[in-house]
Amino acid sequence: MVGPMWATVKHPAYAGHPLFVVQPLDETGKDTGNSFVAIDHVQAGVGDKVIVVSEGNGVRQILQQGDVVPIRSIIVGIVDHVETA
Amino acid sequence: MYLGIVTGTVVAERKTSGLEGKKILLVQPVDEHRKPLGDVQAAIDTVQAGVGDLVYLVGSREAALACDPWFVPVDAAIVGIVDGVSTP
């Protein structure tokens with residue numbers, strides 16, 4: 001989780017959904033790949049390690065806003081800790 | 001979804017059906033510090049964005065879902081104009 005972002009002018013499907021920039025991490029917490037934008041569904045906070053779904057059908061199932069929802073990425077969990085062997 | 005900066009406009013008079021009247025903009029994908037990521041791409045505009053605006057886009061099938069009518073052949077759609085990004 002990098003930080004919140006704001007957009008006043010946006011597609012109506014995004015109304016009421018907080019937007020965040022997120023940075024993918026590996027299991028050790030190291031950055032992997034490019035940051036992207038996701039909406040929040042779990043009241044995540046800045047600096048939280050989160051789980052993100054980046055797939056449109058999953059988003060539509062979670063939001064239940066109908067079938068025409070142009071949103072691909074949604075934060076669905078806050079990670080407490082990760083154990084590696 | 002991802003961030004981008006609008007860098008230009010594409011004028012295409014003849015387009016496939018469903019895309020008539022839709023504005024196509026050139027967008028450079030960027031990170032939260034406006035650092036360029038990858039190549040410039042053409043995206044359909046749904047929010048009246050302009051050159052120089054920091055925007056966010058959605059790609060793949062969801063790009064088509066941002067359009068009206070939504071069953072259209074597009075790769076990327078601009079779905080918001082970013083007012084600000086807070087980075088620690």
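Predicted model: local features only at pLDDT ≥ 70, side-chain atom pairs only at ≥ 80, totals over all residues.

Reply: Residues are numbered from 1 along each chain as its sequence is written, and chains are lettered from A and ligands numbered from 1 in the order in which they are written.

Me: In what order do the elements of chain B run from the N terminus on?
Reply: Helices (H or I, at least four residues) and strands (E, at least two) are DSSP runs, numbered from the N terminus. Chain B comes to one helix and six strands. From the N terminus on, the order is β-β-β-β-α-β-β.

Me: What is the radius of gyration of chain B?
Reply: The radius of gyration is taken over C-alpha atoms, and the globule rule used beside it is 2.2 Å times the number of residues to the power 0.38. For 88 residues that rule gives 12 Å, and the value for chain B is close to this, so chain B is as compact as a globular protein of that length, with a radius of gyration of 13 Å.

Me: Is Leu54(B) buried or exposed?
Reply: Leu54(B) is found in strand β4 (residues 54-59) of chain B. A residue is buried if 20 or more other C-beta atoms, placed from the backbone, lie within 10 Å of its own, exposed if 12 or fewer, and partly exposed in between. Because Leu54(B) has 20 C-beta neighbours inside 10 Å, it counts as buried.

Me: Which residues is Leu54(B) in contact with, leaving aside its neighbours within four places in sequence?
Reply: Two residues are in contact if their C-beta atoms, placed from the backbone, lie within 7 Å. Arg34(B), for instance, is 20 residues from Leu54(B) in sequence and 8.3 Å from it in space, C-alpha to C-alpha. With those sequence neighbours left aside, the contacts of Leu54(B) are Leu3(B), Ile5(B), Arg34(B) and Val82(B).

Me: Which element gives the most to the side of chain A that touches chain B?
Reply: In all, 26 residues of chain A are in contact with 29 residues of chain B. On the side of chain A that touches chain B, β1 (3-6), β2 (9-10) and β4 (36-40) of chain A each supply at least two residues. With four residues, the element that gives the most is β1(A).
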